[in-house]
Amino acid sequence: MTTALCLLLAAGAFAQHATKPTIMVFPSETWCAKRGYMQTYDNQGTAVKQPDYQRALQEDMDLKLAIAKINNLMTDRGFPLQVLEEVLRNLQREEAQMNMVTSKSGSSMGMSMMDRLNAQAKSDIQLDLTWDLTEQGPKRTLTYILEARDPYTQKSIASAVGTSQPSFSASVPVLLEEAVVANIDNFNAQLQAYFDDLFQNGREVSIDIRVFEDNALGVDLETEYGDYELREIITKWMRKNTVEGRFSKSGSSEYNVKFTQVRIPLFDSEGDPVDTEAFVGKLRRFLKKEPYNLPSKVMTEGLGKVILVIGDK
Amino acid sequence: MKKILTFALAALLFVPAFAGSKKKAEKDTQAFRYELECAGNGVQGTYLIRVWSYSRKAAVAAEQCKKNAVHGVIFKGYTGENGCVAQRPLVSKPGAEMEHEEYFKSFFSDKGEYYKYVSLTETSQEIVKVGKEYKVGVVVSVKKDELRKALEAAGIIRGLGSGF
């Protein structure tokens, strides 16, 4: 009933706007690997490769052109995107600020490991761009893939795939621009369908419930309250508070329950916009009350993913 | 005098026949009886389309092509091949044409608002006689970005950023 009321509010009153997802264009990992724009770091003895966006943007003019073209077309459609180059620059500036700013007594600004993990270029919807040029004698053909992904639910939202007509004279930037312009409408139609679904059925998010190991209360997700285990109580709360009780559980143990495909309302009963953090905040307050009296910590990964750790702050 | 009378009589016979063909062409448009195919990559903000229309009068079919092109971009979309990209219709909601009947009636009236968004790109036409009818094909350019903005302003479709 509550969720139905929230949906009605969402449908009828856009006086309050839903939290807008951020969208950013990234060169895909395949594209970066093929052109050598990768960096390797050591993860506890294992060499891990990841895209070096900074170098790719500094050295590849075609990439800059393609991203600028997509940004331009999306702005024209009334949905300006975040610019990867600017986000990277801002992260560097913030890092320098963190290192340099100290209080009069010599204290530096606080930064948790979670803050460090979150301090990387990311967006709520990631547009992965790939293209490849095939040469057959004097003829050149460009294959182009643009894919929108939701990093929180790991779902594909939209994609545009195309191959240009073979050309004897067109340069890569021209073929690339043509491909972007020709494919962007179909891509946006899928993106629009995703947004329509979001307004109709609520935002799809992921919620991870964890427990601090050896917490002072000695609580875990199998701790019983009356006839029910804590994980059952949380599942019941989810069923009551999600849109039409829609969610999936992809794993459950005494330390962890993963809720995926969780449909949360876009607005609460007062008409205020709801994001995953606000939604999980409501669960946190529920667990804090009698008879549970459980403290918990909310860790936000983004608009669509939050981790709630029970047992401590 | 005799010549004038003959001309007037011919005109009287021709006008209803032309009007009848026109009415039939309008019905064909509403029944999606036309064909659209991609004719190349238009300049930014436009679609370049080859549109085929049917009528007993080749002139009526040719004129109806413009209306059909806009109607098709809004409600039907079109196919593409050989590197030419197929496009989805601007309005994806089923029944939207009926839901906004008054708006589209005025929009698609003769020389109505639709006319602002379409232009012929070449004067040549392809005419094929199919039974008692003519199938006329022309290449037109549809200003799809402006058309989309007009439909958004009229509340027929939602903008990508609306609601946020």
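**Note on the two-chain model**

1. In chain A, strands S1 and S4 (residues 125-136) run parallel and are joined by five bridges. Ile23(A) faces Ile125(A) of S4(A) across this pair. Strands here are DSSP runs of E, at least two residues long, and helices are runs of H or I of at least four residues, both numbered from the N terminus. Two strands count as paired if DSSP finds at least two bridges between them.

2. This is a predicted model, in which local features need pLDDT of at least 70 and side-chain atom pairs count only at pLDDT 80 or more, while totals for chains, interfaces and linings use all residues. Residues are numbered from 1 along each chain as its sequence is written, and chains are lettered from A and ligands numbered from 1 in the order in which they are written.

3. The S1-S4 pair of chain A belongs to an open sheet of four strands with mixed pairing, ordered S1-S4-S5-S6. Its edges are strand S1 (23-27) and strand S6 (155-163) of chain A; each has a single partner strand, so one side of each lacks a neighbour in the sheet. From one strand to the next the twist averages 20°, with axes taken as lines fitted to C-alpha atoms (for helices over the stretch in contact) and angles running from 0 to 180 degrees between N-to-C directions.

4. Chain A as a whole holds nine helices and 13 strands. Its C-alpha trace spans about 75 × 50 × 40 Å along the principal axes. Of its 313 residues, 30% count as buried. A residue is buried if 20 or more other C-beta atoms lie within 10 Å of its own, exposed if 12 or fewer do, and partly exposed in between, with C-beta atoms placed from the backbone.

5. The domain assignment divides chain A into domain 1 (17-41 + 49-96 + 113-200) and domain 2 (202-310); such bounds come from an automatic or database assignment. The C-alpha centres of these two domains of chain A are 33 Å apart. Their contact involves 13 residues of domain 1 and 15 residues of domain 2, where contact means C-beta atoms, placed from the backbone, within 7 Å. On the domain 1 side, helix H6 (113-118) and helix H7 of chain A each supply at least two residues. That side divides into six nonpolar, four polar and three charged residues. Nonpolar covers Ala, Val, Leu, Ile, Met, Phe, Trp, Tyr, Cys and Pro, charged covers Asp, Glu, Lys and Arg, and the others, Gly among them, are polar.

6. Strand S13 (residues 305-310) of chain A has two pairings to note. It runs parallel to strand S7 (residues 203-211) of chain A over six bridges, and antiparallel to strand S12 (residues 296-302) of chain A, also over six bridges. Val306(A) in S13(A) is the bridge partner of Ile207(A) and stands opposite Thr300(A). A hairpin of two residues leads from S12(A) to S13(A).

7. Which residues touch the most other members of the largest nonpolar core? They are Ile49(B), Ala69(B), Val70(B) and Val142(B), in a core of 71 residues. Helix H7 (residues 172-201) of chain A gives the most to this core, 10 residues. A second, separate core has 26 residues, including Val219(A) and Leu308(A). A nonpolar core is a set of buried Ala, Val, Leu, Ile, Met, Phe, Trp, Tyr and Cys residues joined through C-beta atoms within 7 Å.

8. Between the chains, 15 residues of chain B are in contact with 23 residues of chain A. The chain B side comprises three nonpolar, nine polar and three charged residues.

Technical notes:
Two residues are in contact if their C-beta atoms, placed from the backbone, lie within 7 Å.
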